Amino acid sequence: MIKIYNTLTREKEVFQPLEEKKVKMYVCGPTVYNYIHIGNGRSTVSFDTVRRYFEYRGYTVDYLMNFTDVDDKIIRAAKELGTTAPEVAERFINAFNEDTAALNVKPATMNPRVMDHIEDIIAFIAALVEKGYAYPVNGDVYYRTRKFAHYGQLSDQSIDELEVGASQRTGEEQKIKEDPLDFALWKAAKGDEIAWESPWGAGRPGWHIECSVMATKHLGETIDIHGGGQDLTFPHHENEIAQSEAKTGKTFANYWMHNGYVTIGEDEEKMSKSLGNFVTVHEMVKKVDPQVLRFFLATTQYRRPIKYSETTLHEAQTNLQKLRTTYENAKFRLNSSHYQASDEEVNAAVLEEFEERFVKEMDDDFNAANGITVVYELAKWLNLASEDPETDLALLAAGLAKFSEWLTIFGIYFVSEELLDEEIEQLINERIAARKAKDFARSDQIRDELKEQGIILEDTPQGTRWRREA
């Protein structure tokens, strides 16, 4: 049974879905004013991995991830670029889709956008005003934070502690609010900024209201899981709970999941755009194999921080290459033995033991670090089986299938290389003949020629195999 660490209760809890074998999951997506950095990518990859594991365990997942396509940052970017907010949003939504596809992130069931839900947002805010949880002033609408009894529970903060921080804020907005803790649901239009008409005048939504509206509209008033980065716990997710539960009178999300930061530098500082210490996924996938970056982000337990550096990325590349070599060795052994799959039962007790261990680790709050350790151990078994001349080929094939299946949970796909062109095939065959004739000088010469063309030869007990240089 799957256990999830629930940020709200600060305990691991057995996952009990609202509907049998179905997961309603909402994850906060990007504000689309720039390319996502690796820290943003970590959140996307983490919850994609969680989703994939649920599916592996037989669940159907309704997976929603929003795009914030109207926001102060988008409006500023539009002014700097001399274009409109919708055009900026569209450009970086396309970039997000391209970059996450490179990381083998599965498309969400739906990517709702703020601009497509303005009427729903206005109706939601109006309901909060009617219930006394919100109030308009000068074209803005604010939420009465103190009226919600459980405010601060998610982030484990008392209302008094929050008041101290809020009372130190300055600015015109603080002067017109009833309480320093109150937050904006609707913002009055300023100048020529993008805006929509509402009962309170022209304006646009505040940041927090959008997720409450889109999650409840498309998944229901109570959802199974709400996820996002650790930095969203307060105030964003705290405010979502206050808004949603004030309107519906129901629990908003049964489980709250938050992924850890990506850190960078000797001081292990959180990677963020505000600190200017970020590396974008867009530029990284041009420099390194996107599968290496995916592997790097997916194989740490999602709640733990990940230290980003050339060293840690190189470690991921080395480990991934070992797994790829395992796959290619097993595939080569099966192909060279002309193995054909059949319906015969396989004595797979050893694989069942691996399966039990893998599920045990991943069921424990999606512990990817421990899960990938079991994959490494299966890889060792596959390597030995591939080299054993007496190996059970049906068992080897079943082990390779399990190996590949588990790797897809982490977003890793190995595909057999395309056939070599005729000239290179002839060189490989000539080298094999030279080795048999003990003409090692010619054998080495051919090996060096192929290396220059990016073809690496490996002499295995089953014969010579090749791979393209990484």
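A residue is called buried when its relative accessible area is under 20%, exposed when it is over 50%, and partly exposed in between (1.4 Å probe, protein chains only). The structure described here is a predicted model, in which local features need pLDDT of at least 70, side-chain atom pairs count only at pLDDT 80 or more, and totals for chains, interfaces and linings use all residues. Residues are numbered from 1 along each chain as its sequence is written, and side-chain values use heavy atoms, with hydrogens and water left out.

Of the 470 residues in the chain, 51% are buried. The chain contains 16 helices and 15 strands, which are DSSP runs numbered from the N terminus (helices: H or I, at least four residues; strands: E, at least two).

The structure holds 25 salt bridges, each a side-chain nitrogen of Lys or Arg within 4 Å of a carboxyl oxygen of Asp or Glu.

R57, in the loop between helix 1 (38–56) and strand 4 (60–65), and D363, in helix 12 (residues 349–363), are 306 residues apart. R57 is partly exposed at 25% relative accessible area, whereas D363 is buried at 7%.

K250 lies in the loop between helix 8 (233–248) and strand 10 (253–259), and E221 in the loop between helix 7 (209–219) and strand 9 (223–229). K250 is partly exposed, with a relative accessible area of 43%, and E221 is partly exposed at 33%.

A network of salt bridges also links D72, K187, E193 and R204.
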